[in-house]
Amino acid sequence: MTTLFSAVEAAGAIAVPSADSDKYSRGVLGVVTGSERYPGAAVLGVEAASRTGVGMIRYLGPERPAAMVLARRPEAVTADGRVQAWLLGSGTDPERDDDERARLVGLLDQALPTVLDAGSLDLFAQAKGPTVLTPHFGELVPVLSAVGVETSKQAVAADPATWAARAAAETGATVLLKGATTVIADASGVRFLVRAGQPWLATAGSGDVLGGVLGALLATHQPALAERPELLAELAAAAAWLHGEAGRTASGGGPIQALDVAEALPAVIRRLLVGA
Ligand SMILES: NC(=O)C1=CN([C@@H]2O[C@H](COP(=O)(O)OP(=O)(O)OC[C@H]3O[C@@H](n4cnc5c(N)ncnc54)[C@H](OP(=O)(O)O)[C@@H]3O)[C@@H](O)[C@H]2O)[C@@H](O)CC1
Ligand SMILES: Nc1ncnc2c1ncn2[C@@H]1O[C@H](COP(=O)(O)OP(=O)(O)O)[C@@H](O)[C@H]1O
């Protein structure tokens, strides 16, 4: 059944720390995003994840984006270690060498909750854990083509719900198809429509911020996801709702940049949790 996702449901997706929480029990998000060409995507995703709330972020991407991530967020850790969920692909190139492919496949073999965005969308068949694909209309076309379904960006734009459901059915992943209305579909069909955002969100890097929000929600719900797979679509919808609402809050009717959206997240979450 499809429902329009609500603020109450989004509030339920926030993992609030308790007196016995520590940074590991809250959840660690591993991030492999950004490249020489698009280093900013790494900064945007890490900033968004950190402002959504997570115990720790391990940024494990290339050197230049890593330096930029640390300059913006010294809290990020660039050493290998325990991780509860992965965010892969924003700002990366799907034209990777064999070593990089083997490394990413190795991460996917861990079967942890994973967001596959942008340059990592082609790895959906290698993902072993609960996986959310986060394409825009243009990016859904090659995902479908890889499973033998030919379509076009125009066809997807004309009927996003149908194509999101088809992609979920064919790939076995949960699909978050971005747009003015974001569609979340899983194996049971279209689960949620999210219309929290507004057109000022159509700005470069906005999707990289969404990836960070979703990564944080997966990392903070890893044990629950293992018990309740249908939670994945709920978390994806919550991420789209938080992203949209943060965009609306940051904008107030005027222009915004992607980083503004990430910075507005704590206020949006505070309003959801304590109504202030
Ligand atoms: N600061 C940074 O580091 C930033 C880094 N970024 C990173 O850049 C990488 C590439 O991102 P990208 O998918 O936007 O690819 P890009 O080559 O621009 O477009 C290819 C074609 O796709 C289409 N298309 C694009 N968007 C669409 C949409 N929303 N809805 C529908 N269609 C859309 C459009 O097709 P057309 O307009 O020709 O129909 C366009 O020609 C990716 O890794 C991302 O994370 C970006 O987030 C920006 C900030
Ligand atoms: N007209 C719109 N109204 C509301 N939200 C939008 C609109 N256009 C884009 N968005 C949102 O902005 C984000 C754009 O993501 P994406 O296309 O991946 O951009 P980028 O690659 O620049 O990060 C998505 O979350 C999408 O839902």
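**Exercise 1. Find where valine 54 sits, and work out whether it is buried or exposed.**

Step 1: valine 54 belongs to the loop that links α3 (39-52) to β3 (56-59). Helices here are DSSP runs of H or I with at least four residues, strands are runs of E with at least two, and both are numbered from the N terminus.

Step 2: know your cut-offs. Buried means under 20% relative accessible area, exposed means over 50%, and partly exposed lies in between (1.4 Å probe, protein chains only). Valine 54 has 11% relative accessibility, so it counts as buried.

Step 3: look around it. Skipping neighbours within four places in sequence, valine 54 is in contact (heavy atoms within 4.5 Å) with Arg26, Gly27, Leu29, Ala49, Ala216, Ala219 and Thr220. Also try tyrosine 24: it is 30 residues from valine 54 in sequence, but their C-alpha atoms are 9.1 Å apart in space.

A quick note before you go on: this is a predicted model, where local features need pLDDT of at least 70 and side-chain atom pairs count only at pLDDT 80 or more, while totals for chains, interfaces and linings use all residues. Residues are numbered from 1 along each chain as its sequence is written, chains are lettered from A and ligands numbered from 1 in the order in which they are written, and side-chain values use heavy atoms, leaving out hydrogens and water.

**Exercise 2. Decide how α3 and helix α12 (residues 258-274) are oriented.**

Step 1: get the geometry. The two helices pack at about 5°, and their axes are 8 Å apart. Axes are lines fitted to C-alpha atoms, for helices over the stretch in contact, and angles between N-to-C directions run from 0 to 180 degrees.

Step 2: classify it. Under 35 degrees is roughly parallel, over 145 roughly antiparallel, 65 to 115 roughly perpendicular, and the rest oblique. So α3 is roughly parallel to α12.

Step 3: list who touches. α3 brings Leu44, Glu47, Ala48, Arg51 and Thr52, and α12 brings Ala258, Leu259, Ala262, Glu263, Leu265, Pro266 and Ile269.

**Exercise 3. Check the length of helix α8 (residues 160-171), then find its buried side chains' partners.**

Step 1: the expected span is 1.5 Å times one less than the number of residues. For the 12 residues of α8 that gives 16 Å, and the end C-alpha atoms are 16 Å apart, so the two agree.

Step 2: the buried residues of α8 are Pro160, Trp163, Ala164, Ala165, Ala167, Ala168 and Thr171. Their packing partners include α6 (137-146), α7 (153-158) and β8 (182-186).

Step 3: see what comes next. Glycine 172 follows α8 and has a positive phi, near 80°.
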